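Open the model in your viewer and get ready to select residues. Each stop below names what to pick and what is there.

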Amino acid sequence: MTQTNEQPKNKGGRPAKSIKRNQVVTLKCASYEQARISANAKKAGLSVSEFLREMGLNGQVVTTEKALPVEILALTGTLNHMAANLNQIAKKRNSVIEELNAAERAGLEILSREVKEVAQLIKTYLQ
């Protein structure tokens, strides 16, 4: 007797969602109301459907903004870029005939670490 261990074939494609939302609810409103609903949904970072579903089920939309200001993101990006450049310079210098001495290598490593620490401090300070 042979035992068959058949596993269902994986058809591929997108996996099935746990909650299938296939019911449509229509809503009539004026154009200015639609504009306000769309604006509020965009402000909350949700689609209009998600926004209206949340409002209908809970009576309110709870949003938490964790985004850092653009200026801080630009500053930390610049600092991270500088740290990467320091690492690249050290790597290139070490691969050439004129190698950096131990003190210079240690100095570059310390600078790189300090730049990364400053970037991390800025992020944690503003959160």
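**Stop 1: a charged pair**

Select E109: at 48% relative accessibility, E109 counts as partly exposed. The classes are buried (under 20% relative accessible area), exposed (over 50%) and partly exposed in between, with a 1.4 Å probe and protein chains only. This is a predicted model: local features need pLDDT of at least 70, side-chain atom pairs count only at pLDDT 80 or more, and totals for chains, interfaces and linings use all residues. Residues are numbered from 1 along each chain as its sequence is written, and side-chain values use heavy atoms, leaving out hydrogens and water.

A salt bridge is a side-chain nitrogen of Lys or Arg within 4 Å of a carboxyl oxygen of Asp or Glu. The count by this rule is 1 salt bridge. Both residues sit in helix α4 (residues 102–125), 4 residues apart, about one turn of the helix. Helices are DSSP runs (H or I, at least four residues), numbered from the N terminus.

**Stop 2: two surface patches**

Patch residues have over 30% relative accessible area and no salt bridge; like charges are joined within 9 Å, nonpolar side chains (Val, Leu, Ile, Met, Phe, Trp, Tyr) within 5 Å.

Select R14, K17, R21 and R53. They form a surface patch of positive charge. R14 lies in the segment before α1 (31–44). R14 is exposed, at 69%.

Next, select L27, V48 and L52. Together they make a nonpolar surface patch of about 240 Å². L27 also lies in the segment before α1. L27 is exposed, at 57%.

Definitions and conventions. Helix = DSSP H or I, 4+ residues; strand = E, 2+ residues; numbered from the N terminus. Areas by Shrake-Rupley, 256 points an atom, 1.4 Å probe, with all protein chains shown as cover. Lys, Arg positive; Asp, Glu negative; His and termini not counted. Charge placed at Lys NZ, Arg CZ, Asp CG, Glu CD.
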